[in-house]
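Hi,

Here is the structure we talked about. Please open it and keep it beside this email as you read.

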Amino acid sequence: DIGLQVEPKLIDRATSLDLLENLVPQMELDHYLDLYEPVSKLRAILALISRAQDELVTPDQYMEAAKKIEEDAERRSAIEAARAYKIYQDAKHQKSFVDFGDLIARSVELLRANPGVRALVSSERKHVLVDEYQDMNRASSFFLQELVEAGKGPWVVGDVKQAIYRFRGGSPLNMARF
């Protein structure tokens with residue numbers, strides 16, 4: 001239902017880095033190119049891609065935002081990262097790979113695009129309880145919204161003093177937004 005030809009295969013960070021390394025010739029890298037130790041800068045690209053997925057930002061949206069950056073060097077490196085994100089996403093799709101960011105982002109995409117699947121999934125759960133809500137990122141928040149009927153949940157528990165997942169978009173502000 002999400003457009004993959006075969007059952008998706010979950011890839012870990014090491015496999016993601018290996019895939020990115022194999023895609024280097026296609027990515028036209030300058031800022032993120034390190035011929036001596038290619039993986040060192042590819043880790044930075046992968047971190048940017050992961051954060052984009054945590055915010056439900058597509059490669060095209062990332063590119064649009066990158067092009068709007070005023071400072072020249074920062075814009076060029078952001079455009080490089082956006083281009084790498086698009087190439088990486090296309091390669092994953094061709095191989096029916098999903099990474100950890102896709103687990104939530106692609107699920108949100110599926111539930112939004114397919115009301116039948118959304119209805120089926122949400123009907124199976126009378127109640128949804130989320131512990132440690134302060135560590136939820138934007139993508140997880142939208143996923144949760146798709147799982148519950150408006151006005152019927154969810155229940156969340158959190159402590160703003162214990163927010164520890166800022167690196168993946170978790171924030172005490174999530175409690176206030178909720």
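**What turned up**

The side chain of Q89 makes a polar contact with the side chain of K92, at 2.6 Å. Please bear in mind that this is a predicted model.

Stay with Q89 for a moment. Q89 sits in helix α4. Is Q89 buried or exposed? Its relative accessibility is 17%. Buried means under 20%, so Q89 counts as buried. Leaving out residues up to four places away in sequence, Q89 touches Q53, P59 and D102.

Q53 leads us to helix α2. Q53 is one of the buried residues there. The others listed with Q53 are V39, L42, I45, L46, I49, A52 and D54. Look at the spacing of those numbers. An α-helix has 3.6 residues a turn, so residues three or four places apart point the same way.

What do the buried residues of α2 pack against?

- α1, 13–27
- α3, 59–67
- α4, 72–95
- α5, 100–113
- α7, 138–147

Now check the length of α2. The helix runs over residues 38–54, which is 17 residues. At 1.5 Å a residue, α2 should span 24 Å. The end C-alpha atoms are 25 Å apart, which agrees. Just after α2, L56 takes a positive phi of about 60°.

Next, find S16. S16 is in helix α1. Its relative accessibility is 2%, so S16 counts as buried. Not counting residues up to four places away in sequence, S16 touches I11, L46, Y88 and D99. L46 is among the buried residues of α2.

Then zoom out to the whole chain. How many helices and strands are there? The chain has eight helices and four strands. From the N terminus on, the order is β-α-α-α-α-β-α-α-β-α-β-α. The C-alpha trace spans about 55 × 40 × 30 Å along its principal axes.

A few totals to finish. The chain has 178 residues, and 39% of them are buried. Take the contacts between residues at least 6 apart in sequence: 72% of these join residues at least 24 apart. The accessible surface comes to about 11000 Å². Carbon and sulfur atoms account for 53% of that surface. The chain has 24 positive and 29 negative charges, and their mean positions are 4 Å apart.

Best wishes

Technical notes
Residues are numbered from 1 along each chain as its sequence is written. This is a predicted model: local features need pLDDT of at least 70, side-chain atom pairs count only at pLDDT 80 or more; totals for chains, interfaces and linings use all residues. Side-chain values use heavy atoms; hydrogens and water are left out. Helices (H or I, at least four residues) and strands (E, at least two) are DSSP runs, numbered from the N terminus. The expected span of a helix is 1.5 Å times one less than its number of residues. Buried means under 20% relative accessible area, exposed over 50%, partly exposed in between (1.4 Å probe, protein chains only). Contact means heavy atoms within 4.5 Å. Accessible areas come from the Shrake-Rupley method with a 1.4 Å probe; for residues, only the protein chains shown count as cover. Lys and Arg count as positive and Asp and Glu as negative; His and the chain ends are not counted. The place of a charge is taken as NZ of Lys, CZ of Arg, CG of Asp or CD of Glu. A polar contact is a pair of N or O atoms within 3.5 Å; within protein, one must be able to donate a hydrogen and the other to accept it, and residues adjacent in sequence count only if both atoms are side-chain atoms.
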